[in-house]
Amino acid sequence: MQLRPSAVALATTLALGLTALPLSGTALARSAPPSSCTARVSPPATAEGPDTEALCAALAGLPDQDATAALIRVGGKGSWHGVAGVRDIRTGAPALENARFRAGSVTKVVTAAIVLQLAAEGRISLDGTVQHYLPGLLTERFKPITVRQLLNYTSGLQSGPSLGDTVEDGYPHRFETLTPRQVVRGAVAKGPGSDPGTQQDYDNIHYTVLGLLIEKVTGDSYAHQAAVRVFRPLGMRDSSFPNGPDPLIHGPHNRGYDWLDGALVDVTDWNMSDRFAAGDMISTTADLERLLVALFRGRVVPEPQLEEMFTLPAGVPDATYAAGLERIELNGRVVWGKTGSRPGCAAVIAATRDLSRTLVYAVNATDAKGDGLPIAQRFGFPAFNR
């Protein structure tokens with residue numbers, strides 16, 4: 001059972017040096033630094049610019065029971081960058097604004113972009129089927145599934161196996177390996193969950209198969225295709241994928257934590273290879289902002305393929321996802337974006353279609369794999385106040 005201590009309990013833990021933490025190294029910690037909003041605003045705040053007061057208020061009090069650090073970048077009509085919290089709760093060192101982090105399912109935006117690039121090049125058809133491009137992957141129990149149905153989560157595929165459905169279950173297995181093909185085999189063994197194109201079920205399995213499709217069509221690794229097609233052209237120098245089962249985040253990063261059985265446990269080091277093209281990317285807020293702006297401006301995926309990322313599947317009840325992006329409404333505005341979460345970190349990219357407001361954040365949430373709405377309400381929604 002997961003227990004979530006109060007803010008007072010967290011402060012006590014910090015002051016005592018976190019002796020309950022099962023971590024290597026010294027147990028002696030400095031007190032956490034006073035909370036502050038270290039932010040940059042350009043140009044000065046205006047009625048059209050971001051609500052800097054609300055954004056600073058979101059960062060107030062970090063670290064607390066919900067997060068140990070937060071990095072926020074807001075752009076569009078005026079820009080604002082904020083950082084608060086600690087890099088490491090043992091030392092109390094301040095959080096790094098240029099920190100690398102696991103972006104989780106934000107990876108799916110990159111995967112969708114690569115698939116749509118291949119469609120623009122005529123190397124695949126969005127109406128082509130998995131059975132055609134990946135013969136033998138699915139059994140005869142499956143009706144034809146199109147590439148477009150994988151992109152918008154209407155394929156009918158069921159979820160594959162994992163090494164733990166919760167952080168608590170997965171933590172003892174965090175250095176084990178489950179390959180993407182093992183995940184797909186397990187999903188296929190379950191049979192179809194629904195007929196293709198009839199309902200939208202968000203799940204990693206759709207994008208795991210798309211990763212295999214990219215590798216089959218290009219004859220190259222998914223990670224290298226992401227680098228040459230997206231990261232390098234956009235100057236995303238701090239974005240990458242782990243080398244196979246490597247559990248480390250290389251380069252500057254803030255540590256991630258989760259409450260496990262009442263103790264705040266470091267969950268930064270974790271083998272995420274099973275997430276593959278659905279959620280294995282490591283990035284920074286600056287890099288993701290580059291991706292977001294370039295994508296919406298048509299510099300990553302050309303028209304008409306780009307329109308797939310802003311088109312919900314027709315005739316599918318309650319659909320909110322297009323190819324890679326989700327449609328939401330905030331304060332009367334339509335916003336397109338993608339969330340991502342891995343143990344110790346919750347990430348978001350979001351923007352209005354005209355880029356009048358953009359948002360990227362990475363929050364070292366202590367329940368990042370739980371209900372993400374409170375984190376989004378606190379750190380994300382204020383970006384769209386005006």
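**Figure 1. Helix α7 and its packing partners.** The buried residues of α7 pack against α8 (205–218) and α10 (276–279). This is a predicted model, in which local features need pLDDT of at least 70 and side-chain atom pairs count only at pLDDT 80 or more, while totals for chains, interfaces and linings use all residues. Residues are numbered from 1 along each chain as its sequence is written, and side-chain values use heavy atoms, with hydrogens and water left out. Helices (H or I, at least four residues) and strands (E, at least two) are DSSP runs, numbered from the N terminus. Which residues of helix α7 (residues 180–190) are buried? They're P180, V183, V184, A187 and V188. Look down the axis of α7 and these buried residues fall within an arc of 130 degrees, so they line one face of the helix. (The arc is that of the directions from the helix axis to the C-beta atoms.) On the face turned away from that buried side, α7 carries the exposed R185 and A189. Here, buried means under 20% relative accessible area, exposed over 50%, and partly exposed in between (1.4 Å probe, protein chains only). Contact, by the way, means heavy atoms within 4.5 Å. After α7 comes G191, with a positive phi near 85 degrees.

**Figure 2. Helix α2 and what follows it.** In α2 (residues 52–59), you'll find T52, L55, A58 and L59 buried. They cover an arc of only 120 degrees around the axis, which puts them on the same side of α2. An α-helix has 3.6 residues a turn, so residues three or four places apart point the same way. E53 and A57 are exposed, on the face of α2 turned away from its buried side. Next after α2 is G61, whose phi is positive, near 90 degrees. L62 and P63 are joined by a cis peptide bond, with omega about 0 degrees. P63 sits in the loop between α2 and β2 (67–76).

**Figure 3. Helices α3 and α9 crossing.** The axes of α3 (residues 107–120) and α9 (residues 222–234) come within 10 Å and cross at roughly 80 degrees. That makes α3 roughly perpendicular to α9. (Axes are lines fitted to C-alpha atoms, for helices over the stretch in contact, with angles from 0 to 180 degrees between N-to-C directions; under 35 degrees counts as roughly parallel, over 145 as roughly antiparallel, 65 to 115 as roughly perpendicular and the rest as oblique.) Which residues of α3 meet α9? T107, V110, T111, I114, Q117 and L118 do, and their partners in α9 are Y222, Q225, A226, R229, V230 and F231.

**Figure 4. The loop between α11 and β9.** R297 lies between α11 (285–296) and β9 (326–330). R297 is exposed, at 60% relative accessible area. Is D318 buried or exposed? It's exposed, with a relative accessible area of 76%. D318 has a positive phi of about 60 degrees although it isn't a glycine.

**Figure 5. D261 in the loop between β6 and β7.** D261 is found between β6 (257–260) and β7 (263–266). Its phi is positive, about 55 degrees, although D261 isn't a glycine. D261 counts as exposed, at 59% relative accessibility.
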